[in-house]
Amino acid sequence: MTDTASPDDRIAETPFGKRRVKPRACIVESKHHVRSLLSETLEEQGFIPHGCATLDDLDASLRSDFPDLIVVSFSINGLPITDVLNLLAARTSAAMVLLIGPLDAPAVRAARELGEKLALEFLPMLPTPFSDKDLHERIAGLVPADPPAPPVDVAEALGAGWLELWYQPKIDARSLALGGAEALIRMRHPSWGIVPPAYFIPDKGDPHFRSLSHFVIGRVFQDWRYLVAKSGSIHMSINLPLAFFTDANAVDDLRLQFPAHPAFDGLTVEVDSSEVVKNLPLAIEAAQRLRFHNIGFSLDDVGTEWPTLAALNEFPFAEIKLDRQFVDGSSSARLKRSVCRRIVDLAKRHGVKTVAEGVETRDDFLAMHGIGVDFIQGFLFGKPMTTRKFARNSRRPPAFVPVA
């Protein structure tokens, strides 16, 4: 699946460091695991987070980082809340303060009263436990509506080590168990925070695209080793351009990087179907070579291309992913369901698996389940997440969506 985001809101005249686009958050919490969880959650909400484990850390942050948000987490034997609030007042911080803790705890009410006396600005308190939606409702006003298009190229990002992979779960449509994960590239810029790929991935013909592909291949196997140690084996999918396979050594280079681990079960390579139909001979040749090494060739974003694919005599592909534009709203659009059903019928005729992309509602899930899709991918079951968060979530029981 290719991430989509519109880069229309460009600020080309604004160099890095001159204007802050992403807000900064300072997390005041002495416990490392709590800071890490809050940091990941705030990062996904559009912040550049920074943890403060001590009062000295907080003082340094207030003097240099000038955070927009101060998150104060109440925990037993944590930092003294009175010292934290007095330090915020002493540094005349203009940041908004978000208190997180048990709603009825006396310490929380006392902190709120002291903060008001010190003329600090508070967001509505966030009681524990909380959901991502609860947090978003309180901090949404601090986050820009759309990310900008940062003037940074892939070569700079690769050299600086700003790129990483996030993972979105693929869910078995029948058992609702985790059936795999798709690797999606992200940039973690020091000033702009997490940047989606639509703002930095080069055009297919750009010479940096091959370097980006090699980064993805190397990192996905590195992340797989981490995941298998933390939560068990998981089948990975990566996105590559079809042009990657014009190199005669591409398949061997890919195979030679396989982890030497008994749990490794191969790889799926997703290629945009619009590229495939433009160069079917190359795609068929690549798919035939890949499957001898337990690498499946997945046709990504299949929609209007299905008649061309249906006419093929040879079909060495392992998977078809239904384009989100036909999946989204399919529960109430008969034409969309009809296209999806034809694609599923095509896949079944050739004995390959299908994945419905962009499933965000229960009704669309039921529509895809009804036409016989094998796997589901979309926000209904999980957004793209960091490797560590994916490892934690994959240990949990599967989400349940009733099918009757």
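This is a predicted model: local features need pLDDT of at least 70, side-chain atom pairs count only at pLDDT 80 or more; totals for chains, interfaces and linings use all residues.
Biologist: Then is F297 buried or exposed?

Modeller: F297 has a relative accessible area of 1%, so the residue is buried.

Biologist: How many aromatic pairs are there?

Modeller: The count comes to 10 aromatic pairs. In one of them, F245 and F297 are tilted, with 40 degrees between the planes and 6.5 Å centre to centre.

Biologist: Which parts does that pair tie together?

Modeller: F245 lies in the loop between β10 and α8, while F297 belongs to strand β12, so the pair ties together parts that are 52 residues apart in sequence. F245 is buried because its relative accessible area is 2%.

Biologist: Which residues form one aromatic cluster with F245 and F297?

Modeller: F244, F315 and F317 form one aromatic cluster with F245 and F297.

Biologist: Why is the pair of F365 and F381 edge-to-face?

Modeller: Their planes stand at 70 degrees, and edge-to-face applies over 60. The ring centres are 5.6 Å apart. F365 is in helix α14 and F381 in the loop between β15 and α15. F365 is buried at 0% relative accessible area, and F381 is buried at 14%.

Biologist: Changing topic, where does the charged end of K383 sit?

Modeller: The charged end of K383 sits over the ring of F379, 5.4 Å from the ring centre.

Biologist: And what does the side chain of E275 reach?

Modeller: The side chain of E275 reaches the backbone nitrogen of L242 at 3.1 Å. E275 is in helix α9 and counts as buried, because its relative accessibility is 17%.

Note on methods. Residues are numbered from 1 along each chain as its sequence is written. Side-chain values use heavy atoms; hydrogens and water are left out. Helices (H or I, at least four residues) and strands (E, at least two) are DSSP runs, numbered from the N terminus. Buried means under 20% relative accessible area, exposed over 50%, partly exposed in between (1.4 Å probe, protein chains only). A polar contact is a pair of N or O atoms within 3.5 Å; within protein, one must be able to donate a hydrogen and the other to accept it, and residues adjacent in sequence count only if both atoms are side-chain atoms. Rings of Phe, Tyr and Trp (its six-membered ring) pair if their centres lie within 6.5 Å; planes under 30 degrees apart count as stacked, over 60 as edge-to-face and the rest as tilted. A charge sits over a ring if NZ of Lys or CZ of Arg is within 6 Å of the ring centre and within 35 degrees of the ring normal.
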